[in-house]
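Hi,

Here is the structure I promised to pass along. Have a look first, and then read on for what turned up.

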Amino acid sequence: MSVRTTDRTSGVPWYNDEKTRGVLYQVALLALVLFAGWWLVTNTLVNLERRQISTGFSFLWREAGFAIAEQRIHFEPTDSYARALAVGLFNTLEVSAIGIVLATLLGTVVGVARLSSNWLVARFATAYVEVVRNIPLLLQLFFWYAFITQSLPSVREALHPVPGVYLSNRGLAVPVPEFNQGQAIALIGAAIGVVVSILVARWARRRQDATGQPFPTILATLGLVVVFTLVGWLAGGAHSALSIPHKEGFGFTGGAELSPEFAALLIGLTVYTAAFIAEIVRGGVLAVAYGQTEAAMALGLRPAQVMRLILLPQSLRVIVPPMTSQYLNLFKNSTLAIAIGFRDFVSVDDTVMNQTGQAIECIALIMAVYLTVSLLISLFMNWYNTKVALRGSTR
Amino acid sequence: MKRLTTAAAALAVTVGIAGTAQAGATFDAVKARGQLVCGVHTGLAGFSAPDDKGVWAGIDVDICRAVATAMFGDGNKVKFVPLTTSNRFTALQSGEIDLLARNTTVTLTRDTTNGMNFAPVNFYDGQGFIVAKKLNVKSAKELKGATVCVQSGTTTEQNLADYFRANKMDFKPVTFEKQDEAVAAFTGGRCDVYTSDRSQLGAIRASQVKVPEDYVILPETISKEPFAAAVRHGDDQWFDLVKWSIYAMIEAEESGVTSKNVDEMAKSTDPNLQRLLGTSGGMGKALGVDDKFAYNIIKTVGNYGESFDRNLGAGSKVKLERGLNNLWKNGGLQYAIPFR
């Protein structure tokens, strides 16, 4: 009560009050942003209307009319633009996901190699990092693509190292098992194997917490998955029929094909991103004080255990946040696919934009898709980061 | 970079830099600026490409120069903006360019939902296939299962799918953003076939392969590709000027007026020639420009036949036949609407 009286008597009017002003500024700013957004949208619509350019996303359901060779989802020219874009999105996600896994593996190996006490290994790793990360990715993609298509023989003289495997400048053709019900049961078996190993891992951890007795979880998981898959395959009638590629007409029929475009993009993205990841891993390992290693050794842990139980968990705290940026970079860099003829989302969207002429909608689609997936990746990495962070840490 | 341009152009539409689309807006804007901004190909021999001195030349470039001449009496008052297949329409829609003369096929969709108006066709083309001779392919009907290199963002991709679908054949397309990359992949053996407009196949065979004799262009023409310059909807006066600048070149060839004899012809008493060359009739005034606009075009750019020969025909490296692009009198399709 007395405070209020002081306020009143101090003679500060409401519009000079610090709190009120703060709120006012925020409201004004929000209104301004909303107005700018509204103005942009309506102005666009009015301008497009005046020029009689069609708007809206209804074009997505029209027939696409063009073909896509690289497809994991079945696609015919009679399908809709939406389905064509889905094929492109799937290709983008596939190459990014495999690229992230491979880049992490390669990057970790190179990063650790840079710290190696072996002079030659360490220098090789340094040279790799310095060369690769200082050349623009687009040039590297052109290099890999030209390397694959120019150095490999033509289809007629395809390399044929083992029966059923052909390597040419059209890509790699390999036999694949013909899919049928038997294989489906094998897949179910594999899934059961995964579930059982998760349960076993939980039990093993609880037991170790209680008694201190370790359990070979990784070996057990491998064994369980293999055994359950094998049981499923046998239960399904043990089908072993293979679809084997053979030369026919202009190329190969049967089997599965790995295209030069996909290979070049995957190699390019992996090699490039791995150079950055190597530096992050090196920094992460160096960030753990050497006393930790000495202490672990003093406790009698073996070197592998020191790495797995002491060094890695601590360095992950340093590694994970910058690693997220690298994963996002790899995902976004995959849009360079269009330059070497790989049908990623942007490449398909480019064709759609040209056939329909609806540039604003198509660019909005690109932005929406890349923003969504990028946010999902960082969401996942942030979750993982909190998992490896120090328990009870206040930061 | 290209996508950046597209995005910038899309943003330009959004913000409305192009301003409003009142009648005469483009016409007046070009006049006030004192320069025509013309969208052309990034470099396609015969259509629009800078020559060894850096001067833009080609049959599409001649349209830009003709329109600039009609407006200002000077064919050099043009700023050329090289555009890719992907950003050409956005550039026009957003007002970044006044006129798009970039070997663009006229289609119903482009005429309507893309908000463009197409001038008279300045080149009749059609899509074909080129293959290596050693494959021993005689007809496109034998291309079942072939791998086909194609440039993205063109009507080509759709025609290709349509043709193979209609003939119940499967194929594997490999799609590139730029023509050079697609051609390099084809000559490198990544594809069996390269498909594009026949005029381009001729240019590629003449200049982009090591031994032209090792490649054959298959006899089938699988589509109609009438190329025309385009303006955006909303300014009929501007559209009229572009249209009649092109008709002037065709009409000049029909009546035998060339850049060499135009001064003599201007003295003629033939009323048709007098109206064309502006000695009577007030045709230019009706379009809002100088009465002598056609005279100026013929004097500086030449008639349609001269432009064709210089850029695509016998006088050029591409050496195409006139074919469909001959005058109607000579068995082609080029036909000017009367100047009266």
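Predicted model: local features only at pLDDT ≥ 70, side-chain atom pairs only at ≥ 80, totals over all residues.

Helices here are DSSP runs of H or I with at least four residues, strands are runs of E with at least two, and both are numbered from the N terminus.

Is its side of the story buried or exposed? B:Lys168 has a relative accessible area of 74%, so it is exposed, the cut-off being over 50%.

Chain B has another such case in B:Asn136, a non-glycine residue with a positive phi near 65°. Its place is the loop between β7 (127-132) and β8 (147-151). B:Asn136 counts as exposed because its relative accessibility is 54%.

Helix α3 of chain B (residues 59-72) is another matter. Of its 14 residues, 13 are buried, so the rest of the structure largely encloses it. Its length checks out too: at 1.5 Å a residue the helix should span 20 Å, and its end C-alpha atoms are 20 Å apart. After α3(B) comes B:Gly73, with a positive phi near 75°.

Finally, chain A carries a nonpolar surface patch made of A:Phe35, A:Trp38, A:Trp39, A:Leu40, A:Val41 and A:Leu45, whose accessible area together is about 610 Å². One of these residues, A:Val41, belongs to helix α2 (residues 18-50) of chain A.

Note on methods. Residues numbered from 1 in each chain as written. Chains lettered and ligands numbered in written order. Heavy atoms only, no water. Buried < 20%, exposed > 50% of the residue type's maximum accessible area, 1.4 Å probe, protein only. Expected span 1.5 Å × (residues − 1). Patch = residues over 30% accessible without salt bridge, like charges linked within 9 Å, V, L, I, M, F, W, Y side chains within 5 Å. Areas by Shrake-Rupley, 256 points an atom, 1.4 Å probe, with all protein chains shown as cover. Salt bridge = Lys/Arg side-chain N within 4 Å of Asp/Glu carboxyl O.
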